[in-house]
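Reader: Hi! Could you walk me through this model?
Author: Happy to, here it is.

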Amino acid sequence: MSTKKKVASEAAEETVNPVSEEVVQPDLPAEKAALAEHKAEVNEEEVADLEEAALCTGQLVRVEFCGSLNLRKTPGMHAPVLQVLPAGTELLIDPLEWVADGTGVWFPVTVDGVNGFVNGQYLSPVEV
C-alpha cells in the first residue's frame, strides 16, 4: 500500500466514532422521582373511579361534557342524526349490546319513543 493511501486509511479510522451499546439512564432527582410516583398513584385512583362509573345497560345516564349530543340512527360518527339532545337530558341505556367502532363506545338508548345510539364519552351516570 502506498504511503498516501495508508495515511488516508488511518485518518478515516480515527474519524469513526465507536457506538456505545450501553444506554445509561440518568438518575432522577429525588423530587422528580417522588412526583412520578405520585402521578402513578393518581392514575390508579382515576382508573378505579372510572371503573366504578362505568356505564351499563339499564342504567340511567345524563348528557354531560358537551352542550348537546346527537342521537344517531346507528352507531358511528357518520350515521344520520335523529335528534339533538341538550346537556342535562336523562336517558336510559337500552338492554342491547353497546358498540365500539374506534370513534367511541356507542350505547343504544330510547328518547321520547325514538331508538338510536349516543356516544358514551358524553354521558355520566345519574345517582339515584
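Author: Let's begin with Thr-89: setting aside neighbours within four places in sequence, Thr-89 is in contact (heavy atoms within 4.5 Å) with Val-61, Arg-62 and Val-63. A word on the basis: this is a predicted model, where local features need pLDDT of at least 70, side-chain atom pairs count only at pLDDT 80 or more, and totals for chains, interfaces and linings use all residues. Residues are numbered from 1 along each chain as its sequence is written, and side-chain values use heavy atoms, with hydrogens and water left out.

Reader: Thanks! Where is Thr-89 found?
Author: Thr-89 is in the loop between strand E3 (81–86) and E4; strands are DSSP runs of at least two residues, numbered from the N terminus.

Reader: And is Thr-89 buried or exposed?
Author: Thr-89 counts as buried because its relative accessibility is 18%. Buried means under 20% relative accessible area, exposed over 50%, and partly exposed in between, with a 1.4 Å probe and protein chains only.

Reader: Which backbone oxygen lies 2.6 Å from a polar atom of the Thr-89 side chain?
Author: That is the backbone oxygen of Pro-86.

Reader: Switching to Arg-72: which strand does Arg-72 lie in?
Author: Arg-72 lies in strand E2, residues 68–72. With a relative accessibility of 9%, Arg-72 counts as buried.

Reader: What does the side chain of Arg-72 reach at 3.1 Å?
Author: The side chain of Arg-72 reaches the backbone oxygen of Met-77. Outside four places in sequence, the contacts of Arg-72 include Met-77, Trp-106 and Phe-117. Arg-72 and Asn-119 are 47 residues apart in sequence, with 9.0 Å between their C-alpha atoms.

Reader: Nice. Which residues touch the most other members of the largest nonpolar core?
Author: Those are Leu-85, Leu-91, Val-109, Val-118 and Leu-123, out of 13 residues in that core. A nonpolar core is a set of buried Ala, Val, Leu, Ile, Met, Phe, Trp, Tyr and Cys residues joined through side-chain atoms within 4.5 Å. Strands E1 (60–63), E2, E4 (90–93) and E6 (105–111) each supply at least two residues of this core. E6 gives the most, with 3 residues.

Notes: Helix = DSSP H or I, 4+ residues; strand = E, 2+ residues; numbered from the N terminus. Polar contact = N/O pair within 3.5 Å; in protein donor to acceptor, adjacent residues only side chain to side chain.
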